[in-house]
Amino acid sequence: MSKRKTKQTHVPVGECVAQLQKMLRERLCREELPETPEGVAAQHKHLLELLRRTALHGESNSVLIVGPRGGGKTMLFKSVLKELLEDKDVDKTLMQVHLNGLLQTDDKIALKEITRQLHLENVVGDKVFGSFAENLAFLLEALKKGDRSSSRPVLFLLDEFDLFVHHKNQTLLYNLFDVSQSAQAPIAVVGLTCRLDVLELLEKRVKSRFSHRQIHLLSGATFPDYVQRVQRQLWLPATFPDQRFAEEWNNSVKALCEDKSVEDILRRHFNSSKDFRSLHALLMFSLSRVSVSKPCIKPADILETSRMYFADAKANMLHGLSILELCLIIAMKHLNDLYDGEPFNLQMVHNEFKKFLQRKSSSMYNFEQPVVMKAFEHLQQLELIRPLDSSGARTQREFQLVKLLLDNTQIMEALQRYPQCPTDIKQWALSAFG
Amino acid sequence: MTGLLQHPGYDEEKLQRIAELLPCREVQAGLLLSLMGQPEHHCYPSIFIYGHQASGKSHVLNIVMKQLELPHAMVSCVECFSVTLLFEQVLQSFFGADASSLLPRGPSLSDFVRIYRQLSSESPTKQTRYIIMEKAEMLRDADANLLPALLRLQELVEDNVTVILLSEIVWDKFRPNTGCFEPLLLHFPDYSKGELQQILSKDKHPLYSAEFYSSYINILLGVFYSVCRDLRELRHLAALNFSKFCEPLEEGKVKESDTHKLWRNIEPHLKKAMQTVYLREVSSLQWEQMQELEEREVGAVRGLSAHTHVELPYYSKFLLIAAYLASYNPARTDKRFFLKHHGKIRKANFLKKNEKTSNHLLGPKPFPLDRMLAIFYSVVDSRVAPTASIFSQISSLVTLQLLNQVSHDDQLDAPKYKCAVSMDFICAIARTVNFDIVKYLYDFL
């Protein structure tokens, strides 16, 4: 996109919307770093100070950042790192190793990754290290040779730290913490985790070498903060090519945040979860509804997307079942009521269904047993019912005990929404005991 | 109709074609496209789409990706039973055929991410890449790290990539213990009756008019809709039975407009189809042959379940009958049934039963070998020596899976069995040896 020099340019609306989408999508999806982290100033300062001491003074440190999912752990770390690297000296000397518990599933892979990220693979390549132990010994040797004053500091980031705990003997963690404890090459070990009890998972020897420095990121956001966040996420910066469009957009966002119905919806979201990532999903849905013909977000959009967001998935699935399958579910509900949640099998369900058919004069739903079984198996495939024991092959299919994984209210609600539900079936569902 | 599918950044004509190719799915396709945004825009890291079987999940994505020529990898999780296959397929469809040769043997997720990064930095595209995983419920059985890693793949590989998961099962059953990056949830609702009618009426026969075919579909849905809403299944049934529907027309008996007569002709035929072809008792080929032959009554060909009848030796039959009686009768009634001079058992006490304890509802109960042999000797008229052959017949009944051995702790001393045959089966067997089994069953007293 060409940059226009003049201030008062008027870009066509289509292009404006495209720009807007591009900008906001990057913000929402890629979790772009904000200018200043919000609400975590103290933690930010703490971590920055810690890492700076490692980078500049050669002090070895270890720290754990603990917080819920979507609580901004990575964001905090990245913004600290960015600020740290602004310093020219640090940028030149600091070496980084990023590990992720999801990817480096055992110590061997992790070790390979460390060698690679420290650009040691050509050094290792000559010596042809076969075994894990040799490789580790070499790495440790390299780290040990260094001392506080001369060697370059290394920053280890362990994302999903709790997964590293499950490695055999916790060798990697032990060695990293050990290096950070003894006077060897200066390293900083930063772990990111969402488990509060992560220290309980460490072995004793590993735990004793860890500095027990923890940074907690527990969201203390209040509702006004939350609304502020919505506004800030949708706000267009002054660098937007078309000033007039940006101004209109910003005004519409402001009006949106002050709207009463939107506030109710946001309050509901806030009450269900404070984390910002679910908010981003909501905004993403709303943003996708912005088009050339409608270049702003209306309260109705938020209402609609929130309805979609809070929709009960199981109720959605129940809506698509056939009448026969619905009848089976109602029969299961009655069995559940009658026998107090005891597990049941297909024979009992079918029997219950037959009892209903007998009371009714018309035989419209008089299906053969195999047809009923096919419907029953479909329910099992959808995981609306769960077999009690997995020894499926050993018992006959019609006698296998299952449990219903639906709530009574869910069933009744689905029944209300079911298209063209026969009245007698509705009545049967409402009657207390079959 | 076209209003829903107007998205900047995509070719107008192609969108038009998509709208034509996706009947009754414009809303979903439009929603999906608007979530995807323009090709060079960033997309949300993961999208989870759920809906019933044959509600057009894969179809919509296939058409959209193919028609708009977006870079995508279509992966079926059933095919990719190991992660190696999955990685290979993704790399091949993004970076060309020889990309997967970079993967080492037995690659880990770490290798995959490293190679993906390397390749994507060599050949960057402006467009969003899409990885579409069909039957995503299989991912839950794979390595525990795979699903969380895929959900945040965008962050891990630092490329504009979106993972789209398709499944029949709701998202709540996917969530791992320690949580993960939550995808956007999208629901594909089921087709309503009108929509099914509309879609099925599209593949009409060239020889007949559209209204004629449409009325046929109407009758078909009238019979099958209460049982089956699967578009694929219905389409299959429609194709199979259409020739039968046209028969009176070809013979000149009725006119096209005579709907009632056509309905009278086809309805019993369709009802038979529900018990045979729908359950795959009779294969589609057999069904077609039956329609051609016509002299044989429909359903006269024995289906699969009719073949369950097996030829057994004389004593094996009695052993099986004894096993069935032991499984489905309470032990306290044995005296009354099988002993000649059993003293007095109070009738009220004997017939004390309620619904819940009926064994034909609860399934077979395990019984010890001794009890079964006792019943066996009581029901067989002649004197049978307990030879090795009798005992080997018992164990061969277990291998045939007509009996199940329950507890594996004691093979020789006191083995326990369960009878695993149905009521119809045992009645058929009893008939061949002239034994009235219903008289001996407690549930039918």
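Where in chain A is the place of Ser293(A)? In this predicted model, Ser293(A) lies in the loop between α15 (276-287) and α16 (299-310) of chain A, helices being DSSP runs of H or I of at least four residues, numbered from the N terminus. With a relative accessible area of 71%, Ser293(A) is exposed (over 50%, whereas buried means under 20% and partly exposed in between, with a 1.4 Å probe and protein chains only). Although 280 residues separate Ser293(A) from Val13(A) in sequence, their C-alpha atoms are 9.0 Å apart in space.

Residues are numbered from 1 along each chain as its sequence is written, and chains are lettered from A and ligands numbered from 1 in the order in which they are written. Local features need pLDDT of at least 70 and side-chain atom pairs count only at pLDDT 80 or more, while totals for chains, interfaces and linings use all residues, and side-chain values use heavy atoms, with hydrogens and water left out. The predictor assigns the complex an ipTM of 0.90 and a pTM of 0.90; for chain B the mean pLDDT (the predictor's confidence in each residue, from 0 to 100) is 85, with 91% of its residues at 70 or more.

In chain A, helix α18 (residues 323-338) comprises 16 residues and reaches 22 Å from its first C-alpha to its last, close to the 22 Å expected at 1.5 Å a residue, where the expected span is 1.5 Å times one less than the number of residues. Helix α18(A) is largely enclosed by the rest of the structure, because 14 of its 16 residues are buried. Just after α18(A), Asp340(A) takes a positive phi of about 60°.

Helices α19 (residues 346-359) and α20 (residues 369-381) of chain A pack at an angle of about 115° with their axes 11 Å apart, the axes being lines fitted to C-alpha atoms over the stretch in contact and the angles running from 0 to 180 degrees between N-to-C directions. Leu346(A), Gln347(A), Val349(A) and His350(A) of α19(A) meet Gln369(A), Val372(A), Met373(A) and Phe376(A) of α20(A), contact meaning heavy atoms within 4.5 Å.

Positive phi values also occur in loops. Asn169(A), which is not a glycine, has a positive phi of about 60° and is placed between α8 (161-164) and α9 (171-181) of chain A; at 45% relative accessibility, Asn169(A) counts as partly exposed. Cys24(B), with phi near 65°, is found in the loop between α1 (12-21) and α2 (26-36) of chain B and, at 11% relative accessibility, counts as buried.

Conventions
Helices (H or I, at least four residues) and strands (E, at least two) are DSSP runs, numbered from the N terminus.
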